[in-house]
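Me: I am new to this structure. Could you show me how to read its aromatic rings?

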Amino acid sequence: MGQAGAVSDLPQPRPNVAALPLYKPGRSAEAAMREHALDSAVKLASNENPFDPLPAARRALADAADELNRYPDHRATAVREALAGRFGRTADEIAVGCGSVGLLQQLMLTYVDPGDEVVYGWRSFEAYPIYTQTVGGVIVAVPNRADEHLDMAGITAAVSERTKVVMVTSPNNPTGTTVTHADMVALMGATPPSTLVVLDEAYHEYITAPDAPRALELQAQHPNLVVLRTFSKAYGLAALRIGYLVGHADVVAAVDRVLIPFAVNGFAQRAAVASLAAQHELDERVRATLAERDRVVADIAGLGIPSPDAQANFVWLPVGEPALALAAELEGRGVVTRPFAVEGVRVTIGTPAENDRFLAAIASLVEPLGLRGPATTA
Ligand SMILES: *Cc1c(COP(=O)(O)O)cnc(C)c1O
């Protein structure tokens with residue numbers, strides 16, 4: 001087991017895998033407390049729902065515990081049927097996966113051969129480069145516009161006969177901005193039917209923009225459009241790992257072929273069905289988050305910190321150079337956020353008390369870090 005000699009005799013990972021960026025999960029509040037010797041800290045780093053699980057979801061978990069010795073339903077039939085009923089589709093137009101990230105991996109495994117191009121806006125969700133590179137796809141990253149929105153004209157122009165998959169993220173992570181329905185109509189009009197367009201709507205439930213895509217409606221005309229959604233964010237089931245895809249039955253059947261056997265566990269299936277049945281309780285929680293989002297956005301604007309239109313359960317502060325310093329200073333004050341070096345800091349909307357703590361902390365940093373944007377003329 002000698003450590004001498006840098007290259008080991010062990011089998012080497014494929015070059016694509018060796019070159020992968022590591023997925024960086026948000027830091028925990030506990031890690032921040034230890035490092036900064038704080039009595040308390042709050043985690044606003046992973047866009048989780050800050051509320052306790054729904055009582056119906058807890059009950060479903062207790063019931064599922066009685067079946068621990070059995071494999072779950074591989075196809076998650078009850079979840080597919082509940083979602084099909086909700087969207088007025090058939091169950092064969094719904095796929096269920098181990099988080100929507102699991103479905104993203106299934107999509108890449110199913111459709112992208114080495115050398116095929118995958119187009120997406122950047123900066124966006126960090127899982128996209130990881131799964132594109134894993135299968136040997138060629139990344140075509142279209143830089144976001146100066147106003148932090150996805151450049152939909154640029155993404156549309158980047159589609160060619162080499163493009164196998166286009167990812168559109170709305171709201172986008174980490175910028176929080178949505179694309180418009182007209183943007184999606186234009187993209188679909190310019191994309192051949194043999195190219196798959198994936199609209200990642202992990203934060204769909206938080207959208208208030210009136211012109212956001214009505215993707216399920218567009219699917220009637222464009223069977224090459226699929227929608228990814230998740231129970232991890234608004235539904236508050238992040239720990240259970242369950243997401244879904246709405247799309248053409250042929251796409252669903254294809255991605256189902258590469259689903260790891262029983263990847264969607266029985267707890268997740270039961271909790272998802274129970275949560276869908278308790279929609280009004282979830283709606284109340286989403287409304288509470290939206291009220292807090294309004295408050296945080298107004299406060300940030302009042303401090304003079306520029307921020308694009310927030311359409312998810314987080315705000316994006318494109319502060320540029322001081323991004324890492326800002327996140328470090330916030331963490332020292334017990335507020336864990338998600339920094340992107342020299343780009344910005346993403347801050348999840350938490351409970352009112354958590355948000356108060358963030359707002360107090362950032363107010364004290366506006367002057368020292370020069371966070372105020374260029375003065376706007378009223
Ligand atoms: C959080 C997030 C997801 C959700 O991932 P799960 O695997 O369903 O937990 C997907 N896409 C984006 C852009 C996200 O931010």
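Me: Is Phe340 buried or exposed?

Reply: This is a predicted model. In it, Phe340 has a relative accessible area of 6%. Buried means under 20%, so Phe340 is buried.

Me: How is a pair of aromatic rings described?

Reply: By two things: the distance of the centres and the angle of the planes. Here is a case. Tyr120 and Tyr128 lie 5.6 Å centre to centre, with 55 degrees between the planes. That pair is tilted. Tyr120 is buried, at 1% relative accessible area. Tyr128 is buried too, at 0%.

Me: Where in the chain do Trp316 and Phe340 sit?

Reply: Trp316 is in strand E9, residues 314-317. Phe340 is in strand E11, residues 338-340. They are 24 residues apart, and the pair links distant parts of the chain. Trp316 is buried, at 3% relative accessibility.

Me: Which residues form one aromatic cluster?

Reply: Phe87, Phe231, Tyr235 and Tyr244. Across the whole structure, a search finds nine aromatic pairs.

Me: How many of the residues in the protein are buried?

Reply: Buried residues make up 50% of the 378.

Me: What does the radius of gyration say about the protein?

Reply: Compare it with a compact globule. For 378 residues, that would be near 21 Å. The protein has 21 Å, so the two agree.

Terms used. Residues are numbered from 1 along each chain as its sequence is written. This is a predicted model: local features need pLDDT of at least 70, side-chain atom pairs count only at pLDDT 80 or more; totals for chains, interfaces and linings use all residues. Side-chain values use heavy atoms; hydrogens and water are left out. The radius of gyration is taken over C-alpha atoms; the globule rule is 2.2 Å times the number of residues to the power 0.38. Buried means under 20% relative accessible area, exposed over 50%, partly exposed in between (1.4 Å probe, protein chains only). Rings of Phe, Tyr and Trp (its six-membered ring) pair if their centres lie within 6.5 Å; planes under 30 degrees apart count as stacked, over 60 as edge-to-face and the rest as tilted. Helices (H or I, at least four residues) and strands (E, at least two) are DSSP runs, numbered from the N terminus.
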